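Open the model in your viewer and keep the selection tool at hand. This tour goes stop by stop.

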Amino acid sequence: MDDYFGKDYKKFLIVPAILAIILLFLVFVAPGVSSGIDLTGGNVIIVRTAHELNKEQIETVLNENFDLEELNVSTIASPTGYGAWIEYSKNPLSAQAEDLLSKAESTLDDDTTSIAFSNELIVLLGGEEKTFSNSKLALLDAQDALANYKEEFSLKLQNILVENLDLGTDVEFQKKEISKTLGEASFGGMAFIALIGFVLIVLVIFIAFRQVVPSAAIIGAMIFDILAGLGGMALLNIPLSLTTMPALLLLIGYSVDTDIMLTSRLLKERSGTPGERATVSMKTGLTMTGTTLAALLAMIIVSYFYQIEVIYYISAILLFGLVGDVVSTWLMNAPILLWFVERKKK
Amino acid sequence: MVNECSNITVVCREEEKMNTKFLKNWRILLLVISLLLAFGVILINTTHDETGYLGNTNIKLGLDFEGGTLLQIELQNEVSSEEITRIASIISQRIDPSGLKDYTVTPIGNQFIVLQMSETDPVELEKVETRIRQQGKFEANLNGEIVFTGDEIRKVLRGDNSFGVYKAGTNSFEWSLPFVLNEQATIRFTEKTFHKCSATSFSASGQPIYECEKTTFFLDKPEALIVTSEDQYAIDEAMLYNGDTFLNIPAQTDITQVIEDSRLDVIVYNGVFDENVLASALLKTNKAIVSSDLNNSVVLALQEKGFEVTKFNFDTQPWIWDVFNAQQIISLTEGITNEDVADISQAKQFSNLRISGRRENAQDASSSLNELAILLESGSLPTPVKSISKETISPSLGESFKSLVIMMGILAFIVVGAVVAIRYKNWRIAIPIFIIGGSEVILNLGFIVLTQRPLDLAAFAGLIAVIGTGVDSEIVITDEIMAKSKKVKESLLSRAKAALFIIMTSAFTMIAVMLPITMFARAYPGIDKLYGFAVVAMMGALIGVFITRPAFTKIIEMIVDKIEKKE
């Protein structure tokens with residue numbers, strides 16, 4: 001039976017150690033992982049057309065006509081057409097109006113003050129001051145004015161893009177508008193379920209193996225894989241969002257599969273030397289990862305060419321994570337376990 | 001094979017034995033039965049409308065594939081869970097009073113409500129948004145005059161003793177809904193209802209029996225000139241006269257009464273328009289709603305006069321009832337019409353009113369009560385809306401999406417099969433892996449159909465997880481059984497045991513990650529978007545551990561056994 005690990009297996013640990021440092025740098029220092037608008041709040045407009053789109057041109061057109069905060073444009077070209085992602089946090093006028101709206105809302109019990117705020121908002125957005133019999137009615141009018149303004153604003157933005165970029169009728173728009181508080185609430189929820197999920201996994205692993213070092217190694221490998229996935233997100237500029245979250249969760253599932261298999265074979269079986277058992281496990285493990293990587297490659301290629309962002313994002317993150325998994329399972333977890341088995345013998 | 005048999009009889013008998021053993025094994029039988037059930041669930045009885053489903057199956061497609069809009073409504077402040085359920089039902093009542101459209105309204109946590117719909121037209125969306133924010137315009141009218149409106153209702157006394165359903169006799173349940181009017185409306189109510197009952201006969205004990213006039217309730221009645229054809233008018237007249245318990249229309253309802261109460265101009269078109277009627281209607285509004293059976297010359301004639309014309313399609317309800325957005329007809333009772341005093345100056349004023357009715361069973365009575373309570377409250381949301389977040393996916397985008405995602409799924413499947421085939425260099429092992437992988441997809445699709453959840457991108461990602469970990473487990477099982485069989489002569493059972501431990505542990509870690517999502521999906525906004533993903537991934541792990549992987553273990557055991565015997 002083959003033994004690829006030999007006696008110097010401890011040296012293998014250098015590779016994941018160096019990689020971990022690089023990944024930590026990529027994720028937390030530069031370029032870093034950004035948060036998507038569904039976790040921070042903001043606006044996204046996705047344009048799809050058969051005409052070529054130019055990032056600088058879009059930015060110039062938008063900056064000439066609007067005063068958008070944190071404008072971020074990215075374009076993509078594929079055999080099936082062109083696409084652009086236009087992201088901005090908000091436009092100053094609607095920010096100002098939202099501020100007035102919340103003032104009107106918080107002073108609802110004081111009719112005069114609240115009506116004054118509502119009216120200020122209506123005037124700000126180009127309406128005429130009205131007399132209202134109570135603050136609630138004024139607030140409703142103000143909310144309406146703001147909703148109308150937003151709708152008109154996004155239509156105007158679309159029309160200006162169509163006109164200035166000569167897009168004609170062959171264009172599709174997709175819009176997303178997430179309020180800041182909703183984004184924050186989603187982020188909180190996501191952090192919460194991630195925390196509980198992590199605690200539950202640690203429990204399952206410890207109950208299954210009942211030994212500290214092997215269990216800790218599995219969890220360490222899992223963290224490494226997530227870090228690799230995040231590193232991929234940093235490199236490819238994929239934001240952390242509600243659509244990319246499932247990819248990170250999937251990574252946990254895929255990553256522990258190989259680690260559990262390895263641990264179980266090294267600790268529970270008696271045939272051959274530990275090094276030989278690890279080698280046999282590696283053949284199985286690489287087949288497991290290999291099938292998944294092959295499927296992911298197919299998905300990445302199709303989704304990249306046809307601009308299906310969500311699937312492209314998910315498969316790209318999984319790809320990075322699973323390459324990380326090869327390193328973490330066979331160059332980190334395996335040496336740690338071999339070391340552990342050797343020390344136990346002594 | 002037949003030739004081989006005639007020569008080597010022993011092997012042939014072995015093979016026959018294997019085949020019967022194969023189907024007798026409970027693990028394999030369970031898989032076959034589950035698969036048949038899943039196929040049944042997915043394919044049988046596809047009587048639904050074809051749009052929104054995947055081909056001719058029962059698989060409902062989600063927003064990502066079909067196009068549509070997701071609105072996330074944030075309330076001003078956190079409210080109790082009963083309150084948010086109530087606000088959610090008020091919102092659905094407002095945007096879809098007939099309950100015919102494909103909207104889903106789900107409360108999330110204590111401050112958010114998620115609204116999903118297939119609508120993507122910005123103009124329609126703006127209307128929906130305005131309706132959510134706006135006060136629903138509720139009117140209770142009598143003899144063509146407003147008696148009270150929604151914003152004049154102080155509140156519905158939900159906590160009051162008289163609110164609820166009571167048994168009133170055999171097969172009779174009375175529901176009762178108390179509410180309070182503001183001062184202005186109280187005065188108007190007393191005035192408008194004064195002496196609106198009249199004694200028509202006397203009971204055996206000499207008490208007068210009254211017959212009272214009826215009020216009609218409207219919600220968001222359009223401000224428009226209504227033009228109906230003579231045919232449509234005749235149909236509506238008959239339908240209203242026959243009544244409809246489901247629509248809250250009592251029998252013998254007079255169409256002229258309903259039209260008078262609507263306070264709108266209604267023209268029954270008989271071939272020509274009266275210029276004077278049109279001119280006076282145009283002074284009030286430039287909108288006109290026309291029954292769809294009238295031809296275009298009518299529409300053109302109205303447009304020439306300056307009307308903005310909408311054609312309104314006939315539904316199952318009386319057309320005019322639908323156009324008016326009429327909701328209920330409620331009779332006054334002599335207790336509140338001051339029959340006992342001669343002059344209005346002596347009339348008692350009632351600010352606390354009570355609407356009641358009778359139904360045959362408690363369930364119907366309670367649904368009538370709730371329907372009306374929501375109607376009266378719909379004037380104003382108990383807690384105002386703070387902001388609405390919006391996400392639209394254009395339907396044509398969804399269309400190309402659908403075929404691409406399916407194509408991608410098939411491609412990924414083929415690639416996985418190829419890798420497995422290359423690794424084992426033995427089709428007898430690669431094919432079962434491929435078939436079991438396919439079975440897991442079908443079983444999970446069957447599960448998705450059973451839960452009546454749509455297949456959206458999240459559920460699709462869940463399927464990817466299922467296939468991925470499924471194939472992983474099958475490789476572990478195969479290697480475990482093959483590796484051991486070569487060296488130690490262990491029983492097949494103990495060979496499978498090690499594999500079982502690995503796949504069980506990995507399935508439970510999958511469940512550990514997904515469980516919190518399914519538990520808290522209704523508690524946090526955003527997390528609900530991951531619900532479909534988590535449920536499918538979790539269910540996939542369970543289906544794998546209990547149905548497909550035991551069957552796969554058995555199949556591989558048999559195959560390895562056979563290969564070894566031949567060797």
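Each stop below says what to select and what is there.

**Stop 1: chain B as a whole**

Keep in mind throughout that this is a predicted model. Select chain B and colour it by domain. Domain 1 takes in 25-61 + 393-566, and domain 2 covers 68-134. Domain 3 is made of 136-219 + 325-379, while domain 4 spans 222-324. Now show domain 2 of chain B and domain 3 of chain B together. Their centres, taken over C-alpha atoms, are 29 Å apart.

Switch to a cartoon view. Chain B has 18 helices and 18 strands. Its length is 567 residues, and 41% of them count as buried. Contacts in chain B with a separation of 6 or more come 72% from residues 24 or more positions apart.

**Stop 2: the nonpolar cores**

Which residues touch the most other members of the largest nonpolar core? Select I317(A), I113(B) and A537(B): they do, in a core of 161 residues. Next, highlight helix α11 of chain A, residues 309-345. This helix gives the core its largest share, 17 residues.

Zoom in on A537(B). Set aside its neighbours within four places in sequence. A537(B) then contacts G462(B), A465(B) and V466(B), as well as M510(B) and M514(B).

A separate core of 51 residues lies apart from the largest one.

**Stop 3: a helix pair in chain A**

Move to chain A. Select helix α4 (residues 92-106) and helix α5 (residues 111-124). Two packed helices are described by the angle between their axes and the distance between the axes. Here the axes come within 8 Å and cross at roughly 165 degrees. Angles over 145 count as roughly antiparallel, so α4(A) is roughly antiparallel to α5(A). The crossing of the two is left-handed.

Show side chains at the contact. From α4(A), pick Q96(A), A97(A), L100(A), L101(A), K103(A) and A104(A). Facing them from α5(A) are S114(A), F117(A), S118(A), E120(A), L121(A) and L124(A).

**Stop 4: where the chains meet**

Show both chains. How many residues of chain B are in contact with chain A? There are 66, and they contact 66 residues of chain A. On the chain B side, select β1 (68-75), α6 (122-133) and β18 (385-393).

Methods
Residues are numbered from 1 along each chain as its sequence is written. Chains are lettered from A and ligands numbered from 1 in the order in which they are written. This is a predicted model: local features need pLDDT of at least 70, side-chain atom pairs count only at pLDDT 80 or more; totals for chains, interfaces and linings use all residues. Domain bounds come from an automatic or database domain assignment. Helices (H or I, at least four residues) and strands (E, at least two) are DSSP runs, numbered from the N terminus. A residue is buried if 20 or more other C-beta atoms lie within 10 Å of its own, exposed if 12 or fewer, and partly exposed in between; C-beta atoms are placed from the backbone. Two residues are in contact if their C-beta atoms, placed from the backbone, lie within 7 Å. A nonpolar core is a set of buried Ala, Val, Leu, Ile, Met, Phe, Trp, Tyr and Cys residues joined through C-beta atoms within 7 Å. Axes are lines fitted to C-alpha atoms, for helices over the stretch in contact, and angles run from 0 to 180 degrees between N-to-C directions. Angles under 35 degrees count as roughly parallel, over 145 as roughly antiparallel, 65 to 115 as roughly perpendicular and the rest as oblique. A crossing is left-handed if the near helix is turned anticlockwise from the far one by less than a right angle, and right-handed if clockwise.
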